[in-house]
Amino acid sequence: MTALLDASSLVLLAIGALFFAAGTIGLLRFPDVYTRLHALAKVDTLGLGCVLLGLALQADNLAQALKLLLIWPLVLAASATVGYAIARRAQQISMRPWRGDDA
Amino acid sequence: MILAFDALLALGLVWCAWRALSVRDLTHAVVQFVVFGLLLALAWARLAAPDIALAEAAIGAGLTGALLLDSLRASNAGAAPSPSGADIAVPTSNLAGAVRLAVWAAAVVVGAALLLAIATLPPPLIDLRAQVAGALGASGVSHAVTAVLLNFRGYDTLLEVVVLLLALLGLLACRGEHDPVATAADAPAEPLARALSRRATPVLTLTAVYVLWAGTTQPGGAFQAAALLAATAVLLHITRIVPAWERLGFARRLGAAAGVLLFLGIAAALLAEGALLRYPPAYAGSLILLIESGLTVSLALILAALFLCQTETQ
Amino acid sequence: MSTGLLYAAAGAMLFVLGATALILPLAPLRRVLGFNVMGSGAFLLLVGLAQRDGAADAVPQAMVLTGIVVSVAATALALAIIRRIAALERKAPADD
Amino acid sequence: MTDGLADPLAWLVLLPLFWAVLAFIAGPGRGAGLALAGMLAQTGWALHLAGTLLVGGPREHAVGGWAAPLGIALAVDGLSALMLLLVQAVALLVLLYARGYYPRGSADGAYFWPLAGCLVGGMNALLVSADLFNLYVGLELIGLSAVSLVAASGDVQPLRAALRYLFATLLGSGAYLLGVALIYASYGSVSLSTLTPLIEAQPPLSVQLAAALMLAGLLLKTALFPLHYWLPPAHGGAPAPVSALLSALVVKASFYLILRLGLGLYAPLMDAAAALLAVLGAGAILWGSWQAFRSIRLKMLIAYSTVAQLGYLFLIFPLLDRPDALQAGLLHTTAHALAKAGMFTAAGVVVKATGSDLINGLSGAASRLPLTLFALALAGMTLMGLPPSAGFLAKWLLLGAAIDAGQWPLVLIILAGGLLAAVYVFRVLRQAFMPAQREGAIVHVSRRMQWLAFVLAAASVALGLRAVEFVQLLGVGWQQ
């Protein structure tokens, strides 16, 4: 049983780490603010979700696991708001979205 | 492996601090500083100091960062664009250059001496940890940091909350009588941010109460709870739900001072027990919780006022 | 090298960096940043060295909590003075 | 031995904080009566404390009932009891003066009362503390309230001075805090009574570095030449009651701490620093006097005179193995505090009456404000060191100790300093006795303010007549 839990938690953590890595590379490599936000959203939703689920499986008791899982919706709400605010501001100051190398 | 992580984090801290102090653009510098604060919170967690990590994230990075950003916004909002990066410019005279060089040379010497002193440090003669552990049972709380903060060294804390109240006094004193207060500027509030801050308020308040209550047995306490409440007020302010505080009316002054007064009063009353802040062991727990509850309200009001009463510079 | 010593060394460097920025005639806001970095460095050194054997020590931790609150108080006061100066200068520019 | 509810140590710290907080709640411009009642009670407590000390010797107070090193200890000996008395007496008189200076309901002094309470509370906390970290909190309390008081006048120039002062004081306490961190790392305690026996003549590098950092930080706060750059604009630009508090008391608080640590904790290390401190002190006397002589504004002259007079305090360090030197230092601290408070309050009267701070504008002041000019002259007597003032006695003792030790350069500096003080004091007096060029309007200034300035200045002279009791109290807790 514990072996199964450990294994699944390991897999979830690995998937989470993968999304974090992908999102970070996207943040560094993408050409404009809108695409970078897009990359970051992956980190917060899928990446963090997987990591939290993986950690919850390792928790000592149910209360601890629930507290860990509670982080997820809170971060989701915050990141959605912040992402929206940044994109809106970028639009307000007339930042044009990237349309390929000719832009 | 874990030491490698620590080394990376330590390097990151120094790098972020260096960037915050050296990049040309001040906005960039402040953002860099907030990142520094968040990394610092991680470092505190690594040093087995979750109380400090909480305080650093909420006060050091959070509130200080918000204050700094708001000051930048206020100074950039006016007509005259201040050359925000001018301070890093090349020294104008030879003398200024020489002074700069001398300061840096002194800094390198002091830094090297510090590192050498750290490397040659003898083992300490006294171990207070054993004494703290020994006296913990009589302190009224079971969390060691809270016991030191409110009992063994409660007198420090008493003076420290006066320092915080003093900062508010200083802010009010240097503000002109008819100065406009900060009226978070031009653009209308983000609708989504408004919705979020409305919904977050009850959650944050509840969390603050939990953090206060938890402080007696585990990391948390009045300062962290107050920082959460103050952050709520700041959030409500920057989303234009709560206006700036034109003046600090009697009720707000009373609220900001009541916790401090309560702390002072309890400290004085306990002189009857033979010494300042000498809690009778049977009542220590309740008295500490009473002080912490009062402090949470007052510190939250003070911290919020430090943000909501700043002058507008336009 | 223990975790505590590592962060203490980082703290020493932060202190020196921050103090340098506080001394040099930079923009006031930059010096406020310098002050905060300097304080953080001193705090890290205090706790890091006290815990160089690896065990947590509540006494310096409580001192740092006190110190953080003092730092935010000083920062708020400094910013209030800076903003007030800026406001007055904007009202009556160039009387320098 | 505990006094329970009647413990003077605790009340000297608590009372000013109480009235500060209550004055804040009462609102802008209020709290003067409360402050004065509090100050009166504190003066009573300080006298009572001095009395018990003369009978029962030094006393301690373990806060929270926890003995050091776990808890924080408060401790008072002759040195701190004298300083406590000085702080309460000067603050009481200056606050009485401030009540006339800030008209009721004016915006100017709106937050003076609570800020003054924090300042006095911070100084008392510093004077009774025997714990290095607690001393740090006390230093910050003093520093931030002093800066706020300077900033409170709300004009650009004082605000700039306040910012400069704030950065200096924060740098000073930062260096001090790093020293505390190094001490805790080396010994595992911050209690003075625990640490003092542990430090030997050849301590580890960390302790030497800690001593150097703490000394440097405190020197910056005491504004010892060449670290005085922040003082003249702050002390010269603040309103008169604030200048008086800052120049008379605040710089002395950090000097007290240097003395306290130099005589106790770091006594084995002080030999290395003593010569340097004396040289800087001599520099302060020469440079401060020269700048005072060159000032065109009265309050700047008095501020630079503070820079110069602080120099004397550091001449005592190479002579500290003689009991005379400590007595001279404390006598000078007290005499200068009273004289400087008298000078700044008198200057405040002059500025209010004539509307000008220029020394050239003083012409005719002697005939129009005779009492105030008499106060300036009396205070000047103390600064010059003319008998029978306490300033004379301090310099006499110091001179004796220097001759005794064969420190001829010090003798020369002490004598030259008195002459230089005479030059700048007479510059003011001469101008005041010149006939007025034109009859400018004189604003009426309350008699009470004029008398208070006079009382402060006269006290600096009269103290010389009570020197026996002074020395007796100072001796409590020091083996002579």
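Author: Here is a walk through the core, then the chain contact and the domains beside it. Keep in mind that this is a predicted model.

Let's start with the largest nonpolar core, which has 389 residues. Which of its members touch the most others? They are B:Leu165, C:Ala73, C:Leu77, C:Ile81 and D:Val90. As for who contributes, helix 3 of chain C (residues 58-91) gives this core its largest share, 23 residues. Chain B is in there too: domain 1 (1-77) and domain 2 (142-314) each put in at least three residues.

Zoom in on C:Ala73 for a moment. Leaving out residues up to four places away in sequence, C:Ala73 touches B:Val163, B:Leu164, B:Leu166 and B:Ala167 from chain B, plus D:Leu144 from chain D.

Now for the contact between chains C and B. On the chain C side 60 residues take part, and they meet 71 residues of chain B. Helix 1 (3-23), helix 2 (28-50) and helix 3 of chain C each bring at least two residues to that side. Helix 3 of chain C gives the most, with 24 residues. Sort the chain C side by class and you get 43 nonpolar, twelve polar and five charged residues.

Over in chain B, the domain assignment gives domain 1 (1-77) and domain 2 (142-314). Their C-alpha centres lie 22 Å apart. How many residues do the two domains bring to their contact? Domain 1 of chain B uses 15 residues, and domain 2 of chain B uses 20. The domain 1 side of that contact divides into ten nonpolar, two polar and three charged residues.

Last stop: helix 2 of chain B, residues 26-46. This helix has 21 residues and reaches 30 Å from its first C-alpha to its last, close to the 30 Å expected at 1.5 Å a residue. Its buried residues include the aromatics B:Phe33, B:Phe36 and B:Trp44. Just after the helix, B:Ala48 takes a positive phi of about 60°.

Note on methods: Residues are numbered from 1 along each chain as its sequence is written. Chains are lettered from A and ligands numbered from 1 in the order in which they are written. This is a predicted model: local features need pLDDT of at least 70, side-chain atom pairs count only at pLDDT 80 or more; totals for chains, interfaces and linings use all residues. A nonpolar core is a set of buried Ala, Val, Leu, Ile, Met, Phe, Trp, Tyr and Cys residues joined through C-beta atoms within 7 Å. A residue is buried if 20 or more other C-beta atoms lie within 10 Å of its own, exposed if 12 or fewer, and partly exposed in between; C-beta atoms are placed from the backbone. Helices (H or I, at least four residues) and strands (E, at least two) are DSSP runs, numbered from the N terminus. Domain bounds come from an automatic or database domain assignment. Two residues are in contact if their C-beta atoms, placed from the backbone, lie within 7 Å. The expected span of a helix is 1.5 Å times one less than its number of residues. Ala, Val, Leu, Ile, Met, Phe, Trp, Tyr, Cys and Pro count as nonpolar, Asp, Glu, Lys and Arg as charged, and the others, Gly among them, as polar.
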